[in-house]
Each structure stands twice: as C-alpha cells, then as structure tokens.
Amino acid sequence: MPERTEHALLYIKYVDDALAEQGVTAVEGAISGISLRILARALPDGRTSVAVSLYRRVHRMRASGKAFHYWTSEKLTSMARTKKDLVVLREIDRRTGKSTTRHVFSENMVESWIHELSWTLQEWMRSNPQARRPAGSKDRSPRESTTP
C-alpha cells in the first residue's frame, strides 16, 4: 500500500488550567481548552485533501472529587478534489459519526468555512483571556510526516 504524506499547515492549542482550582461545581462540564489542527494530505492517487479538526477540552469530576479532563471533537471536516476536478466538503457529525458531503462551487463557500473555524477559535480565546499554550506546545510550522 502506498504511503500517505501529511503536512501540518497549522496546529494551535490553548488551555486554561485555572478551572481545576475553582471547586467541583465550577469544574463539572467546563470547557478549558481548544485545539485547531489543519493538515494537507497527499493522497495515493496524487490528489490533495485538507483536513480540519477542532477539539475542546472538557473538565469533569470523579466520584472521589478529583478533577480530570478529556479532549472531544467539536468539528471534523475535510475538503478534497474528486477525480473529475470538483471540490467536495465533507463534515463529520461528532455525535453520530455520520458524514455529510456537499460540492463546493465557489470561493465564497470556502472563505465562509475558514471564517467559521477562525471565529470559533478567536471567540474562545476572547472569553478565556487567561488561557495559555501547554508546555512544549507551539504553532507548528509545516512539517512532513508519513503514515503507511
């Protein structure tokens, strides 16, 4: 099977750890982080797809009273050209796992898709001004990785 090459075009992650110190009622269900990753993938047949994933970090409390967190997908989308040179936008519903596909006929549709993603990220950062980048995390410059 041919290898698939991925390039990270953008990877941004922010977290707000102050929530864990606010007590049980404040922590339960609180959104304490956001992560946006955009990948360009070279498909085996030579076409390129762009995949976007938006995740949120959710805090919960165990019965013991100890806080924990997990990352949950908010939005999973991809855009690719078909063999007939049409552009297709695919969105995956995180609750059902089902995907919807639609053809992209104008640049305006692509621009609105990008603006929606950036607005979600900016809005979260505005409402969480104390957010920080986790240790070792930084905006990734384009890098290459191969997956079999």
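This is a predicted model: local features need pLDDT of at least 70, side-chain atom pairs count only at pLDDT 80 or more; totals for chains, interfaces and linings use all residues.
Student: Is Arg-56 buried or exposed?

Tutor: The relative accessible area decides, and buried means under 20%. Arg-56 has a value of 17%, so this residue counts as buried.

Student: Which side chain makes a polar contact with the side chain of Arg-56?

Tutor: That of Glu-74, at 3.2 Å.

Student: Which residues does Arg-56 touch, not counting those up to four places away in sequence?

Tutor: Glu-74 is on that list too, together with Ile-31, Gly-33, Ile-34, Tyr-70, Trp-71, Thr-72, Thr-120 and Trp-124.

Student: How should I read a nonpolar core?

Tutor: In soluble globular proteins, nonpolar side chains tend to be buried together. Here the largest nonpolar core has 16 residues, and Tyr-14, Ile-34, Val-52 and Trp-113 have the most contacts inside it. At least two residues of this core come from each of β1 (4-15), β2 (31-42), β3, β5 (87-92) and α2 (107-127). The most come from α2, which gives four.

Student: What does Val-52 touch, not counting residues up to four places away in sequence?

Tutor: Val-52 touches Trp-113 and Leu-117, as well as Leu-36, Arg-37, Ile-38, Lys-75, Leu-76 and Thr-77.

Student: And aromatic rings?

Tutor: A pair of aromatic rings is described by the distance of the centres and the angle of the planes. The count in this model is one aromatic pair.

Student: Which residue lies over the face of Phe-68?

Tutor: Arg-62 does, at 4.3 Å from the ring centre.

Conventions
Residues are numbered from 1 along each chain as its sequence is written. Side-chain values use heavy atoms; hydrogens and water are left out. Buried means under 20% relative accessible area, exposed over 50%, partly exposed in between (1.4 Å probe, protein chains only). A polar contact is a pair of N or O atoms within 3.5 Å; within protein, one must be able to donate a hydrogen and the other to accept it, and residues adjacent in sequence count only if both atoms are side-chain atoms. Contact means heavy atoms within 4.5 Å. A nonpolar core is a set of buried Ala, Val, Leu, Ile, Met, Phe, Trp, Tyr and Cys residues joined through side-chain atoms within 4.5 Å. Rings of Phe, Tyr and Trp (its six-membered ring) pair if their centres lie within 6.5 Å; planes under 30 degrees apart count as stacked, over 60 as edge-to-face and the rest as tilted. A charge sits over a ring if NZ of Lys or CZ of Arg is within 6 Å of the ring centre and within 35 degrees of the ring normal.
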